[in-house]
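Trainee: I have a structure open and would like to go through its packing. Could we take it one region at a time?

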Amino acid sequence: MNVGVLIIEMANLSGSGGAERFYADFFESYNNQSDRKRDFYFISDDLSELHRIGKLKLFTEKQLAFQSYRKSFFYEFTRNRPRIDKKINYLRIFLTKRSLLKQLEQHEIKALVLPVYEDKDFGLIKSLDNLPKNKRPKIILNVTNAVVQNHYFDTNPRYAYHSKLNYGRLFEQVKLDGIYTWYKAFKEFVENKKVLNSNPLVHSVSSRFTATDFFEDFSERENRIIFSGRLSEYKDPLLFIKAAQIVNKRMPDSNWKFEMYGKGPLENEVRIYLKSNDLESVVLLSHTPDMQKVLRKSRIYVSTQNAENFPSLAMAEAMACCNLIIARNVGQTDFYVKDTVNGFLLKTGDPEELADMLIKVMQSPEIIETMGKESVSLLKNIHNKENFIKEIDDFWDELEKTIDE
């Protein structure tokens, strides 16, 4: 059973895009196996964002493009005229489906993985779901959004992306064949709340991997403390800044530097806080598509996420680069951070607690290299590509058994 990962209308990846980046790395790792079980394809209407940040350099013959017509055929004219737009949209979906289906049939792709889903994609996914059995691909939702279970029934517009407003039609009107989730909490949610009208095979992962090269050299490290990730409520960047503010007050002459890398909806709020509290010289705010270059120089990586830290791609990159990790103990964080072994787990989201922990580590530099190397060991022995590929292959094998049923 050949499988394709499908990402529609890819967003800008300069300051975010963990799912897109991970699947680009996984695509190359999977196809690089000499004894792979199946062919694995990367499918999108536009792959330029991944190419722009240096991803998808290999296996170009398995990178498939289709034509999306969602914003074609008088879109600007009809978008604010719902009755007309609805009628013309049937044509747009039909043409998009036809273009995508041509690729699926040509390459004998029998299953599609959706790691990034938005309600705008519903029309195309539903059209695939409605295909005759001999043409319909298996539809697999990879849940990479850590807080769907927290906000699914939330009516606050600010949580729309995580809620039923985004996922409701998919869950209720599409026959999902499989759900592959990073989060045990989501598996428990769908089993307990019965939000799915289909009965998919559901699996929560026990391993992940990063394609980041391991780097254990400490000869040119600098006293740098790093935050990286999307500047969003879920990532809680202000917690990092407030802790840095406290550390700076207690240790004004310290030679340690605080650096934040990322973009997102809270960027303006972050900049205002830095400026109004005279912290622009204390905390650097920037972004880069090459975090590996930054993390090879740093010593400490901080994650302030308030729901999950596993399987954070940003954290895995820091671990691969031998950084000591400090993270909030939420969700399955202990899959990545073993308290007092490769880092420290925080009990609360209190800036004082984080500041206390940072000062403790800053004053005990001898533990940083030892703990950093434990992070590398964890990735090498448990969260490696071999374990991840075996786990997902086993899942696909289970789905393949139902193709001819």
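Trainee: How are H1 and H15 oriented to each other?
Mentor: H1 and H15 are roughly perpendicular to each other, a label given to angles of 65 to 115 degrees, with under 35 degrees counting as roughly parallel, over 145 as roughly antiparallel and the rest as oblique. Their axes cross at roughly 90° and come within 11 Å, H15 being residues 385-400. Axes here are lines fitted to C-alpha atoms, for helices over the stretch in contact, and angles run from 0 to 180 degrees between N-to-C directions. Helices (H or I, at least four residues) and strands (E, at least two) are DSSP runs, numbered from the N terminus.

Trainee: What kind of model is this, and which thresholds apply?
Mentor: This is a predicted model, in which local features need pLDDT of at least 70 and side-chain atom pairs count only at pLDDT 80 or more, while totals for chains, interfaces and linings use all residues. Residues are numbered from 1 along each chain as its sequence is written, and side-chain values use heavy atoms, with hydrogens and water left out.

Trainee: Which residues of H1 and H15 meet?
Mentor: From H1, Phe22, Tyr23, Phe26, Ser29 and Tyr30 meet Lys385, Phe388, Ile389, Ile392, Asp393 and Trp396 of H15, where contact means heavy atoms within 4.5 Å. By class, that contact has eight nonpolar, one polar and two charged residues. Ala, Val, Leu, Ile, Met, Phe, Trp, Tyr, Cys and Pro count as nonpolar, Asp, Glu, Lys and Arg as charged, and the others, Gly among them, as polar.

Trainee: How many aromatic pairs does a search of the whole structure find?
Mentor: The search finds 34 aromatic pairs. A pair needs rings of Phe, Tyr or Trp (its six-membered ring) with centres within 6.5 Å; planes under 30 degrees apart count as stacked, over 60 as edge-to-face and the rest as tilted. Phenylalanine 22 and tryptophan 182 form an edge-to-face pair, at 5.7 Å centre to centre and with 90° between the planes. Phenylalanine 22 sits in H1 and tryptophan 182 in the loop between strand E6 (178-181) and helix H8 (184-193), so the pair links parts of the chain 160 residues apart.

Trainee: Are phenylalanine 22 and tryptophan 182 buried or exposed?
Mentor: Both phenylalanine 22 and tryptophan 182 are buried, meaning under 20% relative accessible area, as against over 50% for exposed and in between for partly exposed (1.4 Å probe, protein chains only).

Trainee: Changing topic, why is H12 largely enclosed by the rest of the structure?
Mentor: H12 (residues 313-320) is largely enclosed because eight of its eight residues are buried. Those residues pack against helix H1 (18-31), strand E8 (224-228), helix H11 (291-295), strand E11 (300-303), strand E12 (324-328) and helix H14 (366-381). Among the buried residues are Leu313, Met315, Glu317 and Met319.

Trainee: What is found at the start of H12, and what just after?
Mentor: At the start, a side-chain oxygen of serine 312 comes within 3.4 Å of the backbone nitrogen of alanine 314. Just after H12, cysteine 322 has a positive phi of about 70°.

Trainee: Next, H5 and H7: how do their axes run?
Mentor: The axes of H5 (residues 122-129) and H7 come within 11 Å and cross at roughly 5°. That makes H5 roughly parallel to H7. Phe122, Ile125, Lys126 and Asp129 in H5 meet Arg169, Leu170 and Gln173 in H7. The contact has three nonpolar, one polar and three charged residues.

Trainee: And the loops: where does serine 198 lie, and what does its side chain reach?
Mentor: Serine 198 lies in the loop between H8 and strand E7 (201-204). Its side chain reaches the backbone nitrogen of leucine 176 at 3.2 Å. At 15% relative accessibility, serine 198 counts as buried.

Trainee: How accessible is serine 254?
Mentor: Serine 254 is partly exposed, with a relative accessible area of 26%. The residue is placed in the loop between H9 and strand E9 (257-261). A polar atom of the serine 254 side chain lies 3.1 Å from the backbone nitrogen of tryptophan 256.

Trainee: Lastly, what does tyrosine 159 touch?
Mentor: Not counting residues up to four places away in sequence, tyrosine 159 touches His151, Asp154 and Glu233. Tyrosine 159 counts as buried at 14% relative accessibility, in the loop between helix H6 (148-151) and helix H7 (164-173).

Definitions and conventions:
A polar contact is a pair of N or O atoms within 3.5 Å; within protein, one must be able to donate a hydrogen and the other to accept it, and residues adjacent in sequence count only if both atoms are side-chain atoms.
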